Structure formats: structure tokens, C-alpha cells
Amino acid sequence: MHRLDMDNQYSFVSFSDLDHRQKQQYRNIIQNAFPRIVLESKVTEEYWPRLETYFPEYQVYLTNSTKEIVAFINAIPFSYKRPLNELPDDGWDWMLKQGIENKEQNIIPNCIGGLQIIVNTNYLGQGYSRIIINAAKSLRTEKGLEHLLIPIRPTFKHHFPHMEMEKYMHYQEEGKLYDPWIRSHLRNDARIIKVCHNAMNIKRAIPYWEGLLGRKIKTSGNYVVDGALNTVTMNLEDNLGEYREANIWISYD
Ligand SMILES: CC(C)(COP(=O)(O)OP(=O)(O)OC[C@H]1O[C@@H](n2cnc3c(N)ncnc32)[C@H](O)[C@@H]1OP(=O)(O)O)[C@@H](O)C(=O)NCCC(=O)NCCS
């Protein structure tokens with residue numbers, strides 16, 4: 001992959017350029033960035049390994065002069081030809097599957113999708129996410145793709161697990177949008193398309209949720225789980241808890 005130097009201090013590298021130590025660091029950064037609930041998705045388990053094998057150049061890492069990973073994006077090319085306001089409700093899960101299955105069926109992509117952007121905790125709040133978003137825009141141009149689409153996971157939504165995403169995405173405090181991640185994308189000229197209500201779906205038997213909650217679930221109903229953006233619906237009769245995570249489709253035009 002091409003390398004860009006910023007003040008000779010930073011480089012962009014792809015998944016194939018990562019050495020053993022950097023791969024380890026990359027895995028650790030992911031583990032530290034998200035709550036357990038989203039790290040244990042079955043879709044991720046099944047499809048993620050193929051993302052790195054099929055599309056190493058779409059995994060873009062910003063490294064510093066000591067080869068430490070500062071921030072990265074995991075992106076995926078995929079095909080989507082319908083109007084953007086009809087993008088699927090199962091946003092993130094759909095996009096990951098779509099990209100992998102398109103590749104396996106030799107379908108030519110016309111979109112690049114951002115699956116996740118993560119800034120190493122040592123470098124948070126210093127504007128690195130903007131550099132990564134710009135890298136994704138450049139990749140779109142380089143690959144000749146039409147759309148850059150991201151089902152974003154607003155970083156502070158877990159503060160309001162009972163609030164509908166439609167309301168949350170406009171929610172303001174002290175005269176500005178409450179969510180820093182929505183703010184960042186809008187500041188970088190993204191456009192909100194719509195909420196995807198079932199972007200990540202996690203269905204597990206009740207004991208799994210009891211493990212996450214650290215207590216017995218005695219009645220069916222909606223429960224707040226650490227780091228979850230919405231409540232989880234528990235149904236004791238069926239021994240099933242279902243988490244339907246709402247995200248927001250955004251587009252960089
Ligand atoms: C989302 C993420 C990539 C943003 O990266 P970042 O480097 O913090 O981004 P920025 O420096 O551009 O900061 C964006 C805004 O968030 C604010 N912010 C960053 N970290 C914050 C924190 N811990 N608490 C409060 N605000 C914070 C910044 O002040 C800035 O606010 P502003 O709009 O008022 O300027 C980063 O927080 C992260 O890696 N989170 C974990 C993974 C994740 O949730 N990714 C997104 C979903 S895939």
C-alpha cells in the first residue's frame with residue numbers, strides 16, 4: 001500500500017504491512033475500545049477473519065515513528081445500487097456480510113463502508129479520527145468507488161439506553177450535539193441518512209446475559225447492559241435475550 005508521511009512522523013500502512021507486534025497491538029486496541037456485548041457478536045466471529053484476508057488494503061493504520069498504531073479504520077468494499085434512504089435496517093451486520101459475500105461471488109463493489117474507526121486510548125481527543133476519515137475518503141477515490149458509507153455507533157449513546165436513536169441523534173446539551181462521534185462526522189461533512197435499528201443483532205440464552213449483568217434475571221423484560229446503546233429484551237419462557245443495536249447510517253458525498 002502507498003505510504004503517506006505527515007511531518008515524517010506518521011505513516012499509513014495496511015493490514016499486510018503489520019508485523020507480529022503491531023497485530024497484537026491492533027487486537028488489544030479493539031478489545032479495549034468496545035464493551036463485551038459488541039465483541040461477542042456471532043456475525044463478527046463468522047465474517048471478520050475473512051475481512052482481513054480478502055481486503056488487507058482496506059484495513060488502514062496510522063502508525064507513528066516508533067511504529068506504534070495510533071488509530072485505524074476497518075473498511076470493506078461492497079455493492080449497493082439502491083437509493084441510500086433504503087439502506088438496510090441491519091446496517092453493520094449487513095455491510096460486513098455483504099462485502100464478504102460479494103467478494104466470494106465476484107460482484108464488483110461500488111461502495112466503501114467503514115466498519116469501525118478506533119483511536120488508541122493514548123491518543124484520544126487529539127483529532128486523529130479526522131485523519132482516519134480523510135484516509136477513508138482517499139481510499140474511496142483511489143479505488144474509484146461511488147459512496148463512503150458508515151453505520152456509526154454513537155459513542156455516548158450508552159448514557160441514554162432508553163432514548164430512541166431518532167431522538168438521541170439530535171439531542172443537545174449546552175447548545176451543541178451531545179454525541180461527540182456524531183459531531184465529529186458532521187464536522188467532517190458527513191450527511192445523516194437514517195437510523196438502522198438492528199445494526200448489530202445478538203441473540204443469546206439467558207445465562208449469557210446473566211454473566212454480563214453479574215446477576216440472576218428473574219423476570220422477562222428490558223434490561224440495561226453495560227456499554228449497550230439500547231436495552232436488551234429478555235424472554236425467560238424462550239430462554240432468550242435479544243439485543244438489537246441501533247446505529248446511524250451516514251454518507252460522505
Ligand atoms: C470515536 C473515536 C474514534 C473518536 O476519536 P477521537 O480521537 O477521540 O476523536 P476527536 O479527537 O476528533 O474527538 C471528537 C470529539 O470527541 C470528544 N472526545 C473525545 N474523547 C472524549 C472523551 N473521552 N470524553 C468526552 N469527549 C471526548 C473530543 O473532545 C471531540 O469533541 P468536539 O467535537 O467538541 O471537538 C474514539 O473515541 C474511539 O476510538 N472510540 C472507541 C471506538 C469507537 O467507539 N469507535 C466509533 C464507533 S466504530
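**Exercise 1.** Describe how helix 3 and helix 4 cross in this predicted model.

*Solution.* Step 1: helix 3 covers residues 42-54 and helix 4 covers residues 91-104; helices are DSSP runs of H or I with at least four residues, strands are runs of E with at least two, and both are numbered from the N terminus. Residues are numbered from 1 along each chain as its sequence is written. Local features need pLDDT of at least 70, side-chain atom pairs count only at pLDDT 80 or more, and totals for chains, interfaces and linings use all residues.

Step 2: the two axes come within 10 Å and cross at roughly 50° (axes are lines fitted to C-alpha atoms over the stretch in contact, and angles run from 0 to 180 degrees between N-to-C directions).

Step 3: helix 3 is therefore oblique to helix 4 (under 35 degrees is roughly parallel, over 145 roughly antiparallel, 65 to 115 roughly perpendicular, the rest oblique).

Step 4: Val43, Tyr47, Arg50, Leu51 and Tyr54 of helix 3 meet Asp93, Leu96, Lys97, Ile100 and Lys103 of helix 4 (contact: C-beta atoms, placed from the backbone, within 7 Å).

**Exercise 2.** Find which residues are closest to the ligand and which elements supply its shell.

*Solution.* Step 1: of the 18 residues surrounding the ligand, the closest are Gln116, Val119, Gly125, Ser129 and Pro180 (near: C-beta atom, placed from the backbone, within 6 Å).

Step 2: at least two shell residues come from each of strand 4 (111-119), helix 5 (128-143) and helix 7 (180-187).

**Exercise 3.** State the secondary structure count and the span of the chain.

*Solution.* Step 1: the chain has 8 helices and 11 strands.

Step 2: its C-alpha trace spans about 55 × 45 × 40 Å along the principal axes.

How values were computed: Contact = placed C-beta atoms within 7 Å.
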